[in-house]
Amino acid sequence: MPDADFAIHPVSPTLGAEIRGLALSRPLGPATVSALAQALDRHLVLVFRDQALSDADLVRVSRHFGPLDKAPITENGRLHAPGYEEVYVISNITENGRPIGALGAGESVWHADMTYLETPPYASGLYALEIPAEGGDTGFLSMFAAYDALPDALKRRVEGLSIKHDSTTNSGGCLRQGFAPPTDVATSPGTVHPLVIAHPTTGARALLLGRRPHAHIPGLSVAESEALLDEIWEAAVRPELAWHHRWRVGDLVMWDNRWTMHRRDPFPNGQRRLMHRTQIAMPVARRLTGAA
Ligand code: OGA
Ligand code: MN
């Protein structure tokens, strides 16, 4: 691979790797692109530090991983960077009294993006333009490691179950536009997926949890579902399995949304945080192929 001249440094035992030696503001050759796609498959989260990316660069780099979605509609409307409908703004900054981005300064709970869709996004890229002095770290969790952490008896209980992913509320706890607050998780809107999915080539099992609030396991009463989900989350979503990224301006972090969850720590709202983000649609070949 003559043009794939970068080094891969894993950042934790379960997921994540820093890619060193690439300036993403320059064009990437095909061997580099395919080596990066393989690195993302293998490490699930890629970190590129000290980048200087325009929105055009961010879009170009992201498109190497697949076609991009347009910025989604958020609690504050559709917020994209000027001139780039694919560049979604995550920020607590307001201009003329109006938010310029989504998610504010609060905590964003553990989640995978948009798993309330039949076909959720494959991956995302988050690029740091302004970073608060404290807080605002982003944590990542391998859902293979989360599955492996379940006690055997719980692995047997979750086998074959499905789970409804709530579509009413975002990861910051805000209602999405057009939805009412759920009153009964058994009937509230959402999409049902298998709770355990298997990697198409390795066969490794992973949990597909989406997020905890308003989830429901079809076929169980609300009380049974809540109890089982609490047990799964307690066993699987363990702080010691997660890896947290402490941001610097110029970092690009890409994650595979199928096999990971992420969360964000809150930060002081008096400090500015500005991220530009792309979202890569799920290529047919990478679709979650169903239950394990
Ligand atoms: C996201 C997200 C967390 C963060 O962009 O999907 O959850 O750290 N962001 O901004
Ligand atoms: Mn997210």
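Here are a few exercises on this predicted model, each with a worked solution.

Some ground rules come before the exercises. Residues are numbered from 1 along each chain as its sequence is written, and chains are lettered from A and ligands numbered from 1 in the order in which they are written. Local features need pLDDT of at least 70, side-chain atom pairs count only at pLDDT 80 or more, and totals for chains, interfaces and linings use all residues, while side-chain values use heavy atoms, with hydrogens and water left out.

**Exercise 1.** Find which residues are around ligand 1, and sort them by kind.

*Solution.* Start with the list, where a residue counts if one of its heavy atoms lies within 4 Å of the ligand. Next, sort the shell: four are nonpolar, three polar and four charged. For this sorting, Ala, Val, Leu, Ile, Met, Phe, Trp, Tyr, Cys and Pro are nonpolar, Asp, Glu, Lys and Arg are charged, and the others, Gly among them, are polar.

**Exercise 2.** Look for polar side-chain atoms of His262, Arg273 and Arg277 beside oxygen atoms of ligand 1, then say how much of the ligand the protein buries.

*Solution.* Go through the pairs using the polar-contact cut-off (N or O atoms within 3.5 Å). For His262 the distance is 3.1 Å; for Arg273, 2.8 Å; and for Arg277, 2.6 Å. Now for the burial: ligand 1 taken alone exposes 290 Å², and the protein buries 97% of that. These areas come from the Shrake-Rupley method with a 1.4 Å probe.

**Exercise 3.** Decide whether Arg212 is buried or exposed, and find its side-chain partner.

*Solution.* Then check its relative accessible area: at 16%, Arg212 is buried. The cut-offs are under 20% for buried, over 50% for exposed and partly exposed in between (1.4 Å probe, protein chains only). Finally, its side chain makes a polar contact with the side chain of Glu226, at 2.9 Å.

**Exercise 4.** Work out what stands out in the phi angles of Asp50 and Met114, and where each residue lies.

*Solution.* Recall that most residues other than glycine have a negative phi. Asp50 has a positive one, near 55°, and so does Met114, at about 55°. Asp50 lies in the loop between β3 (45-48) and α2 (55-63) and counts as exposed because its relative accessibility is 61%. Met114 is in the loop between β11 (108-111) and β12 (123-130), and at 16% it counts as buried.

Terms used
Polar contact = N/O pair within 3.5 Å; in protein donor to acceptor, adjacent residues only side chain to side chain. Helix = DSSP H or I, 4+ residues; strand = E, 2+ residues; numbered from the N terminus.
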